[in-house]
Amino acid sequence: MDLTTRHHFDNLHSKDAQLRYASFQYIMNLTKLPVDWAYDVWDDMLALTKTGDNHQRTIAVQVLSSLAKSDPDQRMLKDIGKLFAVTKDEKFVTARHSLQCLWKVAIVNKEFQKKVMDDLSKRFKECINEKNCTLIRYDISEVFRKIYDEVPDEKIKKTSLALIETEDDQKYRKKYLGLWKAAVK
């Protein structure tokens, strides 16, 4: 890892929001393609999902999700639970941003896809008594759609649509189905 990139990763620990965000954007741009230094920061980002403030926790999940394509050892299979833990964060915006980026993990390979889809399905069912259940379910449906858009496998669509059918409130069922409108024709 070059010194500039290392410096940007160090800035993710900063309490200066502008500095942290600028470094986050720099890193997210770098991680659009596979990188050879993912494991240099992997453990630090995992730790940040627990020890960081709410902004740092979601940044860590987003960075790790983006680094999944740079994970030849498939560490994500073991670590994905730590990312999913942040989807239940006490700060709802942190939870939501963490959930919304998980599609990046699922599109890497079939093993990651299965694990993410299983965990999303479980989260969809378990969130029923949470304060923001309908937003969580919408986000999960949207993540399934993003996975499907990248990996057009009918199983992804069928899984999401089956989950949506479990929604008792017709208003929300219709809203979730709206995400799939073009793909269901």
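1. Let me start with Asp 89: its relative accessibility of 14% makes it buried (buried is under 20% relative accessible area, exposed is over 50%, and partly exposed is in between, with a 1.4 Å probe and protein chains only). Asp 89 sits in the loop between H5 and H6 (helices are DSSP runs of H or I with at least four residues, strands are runs of E with at least two, and both are numbered from the N terminus). The side chain of Asp 89 has a polar contact of 2.6 Å with the side chain of Arg 57, and a polar atom of the Asp 89 side chain lies 2.9 Å from the backbone nitrogen of Lys 91. A polar contact here is a pair of N or O atoms within 3.5 Å; within protein, one must be able to donate a hydrogen and the other to accept it, and residues adjacent in sequence count only if both atoms are side-chain atoms.

2. A word on provenance: this is a predicted model, where local features need pLDDT of at least 70 and side-chain atom pairs count only at pLDDT 80 or more, while totals for chains, interfaces and linings use all residues. Residues are numbered from 1 along each chain as its sequence is written, and side-chain values use heavy atoms, with hydrogens and water left out.

3. Thr 87 is in the loop between H5 and H6. This threonine, Thr 87, is buried, at a relative accessible area of 3%. Its C-alpha atom is 12 Å from that of Cys 133, although Thr 87 and Cys 133 are 46 residues apart along the chain.

4. Do have a look at Gln 74, in the loop between H4 and helix H5 (76-86). Gln 74 is not a glycine, yet it has a positive phi of about 55 degrees. Most residues other than glycine have a negative phi. With 27% relative accessibility, Gln 74 counts as partly exposed.

5. H4 has 14 residues, and its first and last C-alpha atoms are 20 Å apart, close to the 20 Å expected at 1.5 Å a residue (the expected span is 1.5 Å times one less than the number of residues). Of the 14 residues of H4, 13 are buried, so the helix is largely enclosed by the rest of the structure. At the start of H4, a side-chain oxygen of Asp 53 comes within 3.0 Å of the backbone nitrogen of His 55.

6. In H2, the buried residues are Arg 20, Ser 23, Phe 24, Ile 27 and Met 28. Viewed down the axis of H2, the buried residues fall within an arc of 135 degrees, so they line one face of the helix (the arc is that of the directions from the helix axis to the C-beta atoms).

7. The largest pocket has a volume of about 200 Å³. A pocket is an open set of points on a 1 Å grid over the protein atoms alone, where a 1.4 Å probe fits, with protein on both sides within 12 Å along at least five of seven lines; lining residues have an atom within 4 Å of a point. Helix H2 (17-30), helix H4 (54-67) and helix H6 (92-100) each supply at least two lining residues, and H4 gives the most, with five. Among the lining residues are Arg 20, Phe 24 and His 55.

8. The second largest pocket holds about 170 Å³ of space, and its lining includes Met 28, Trp 103 and Val 108. H4 and helix H7 (103-106) are the elements that give two or more residues to this lining.

Technical notes:
Points joined across faces, edges and corners; volume = space filled by probe spheres on them.
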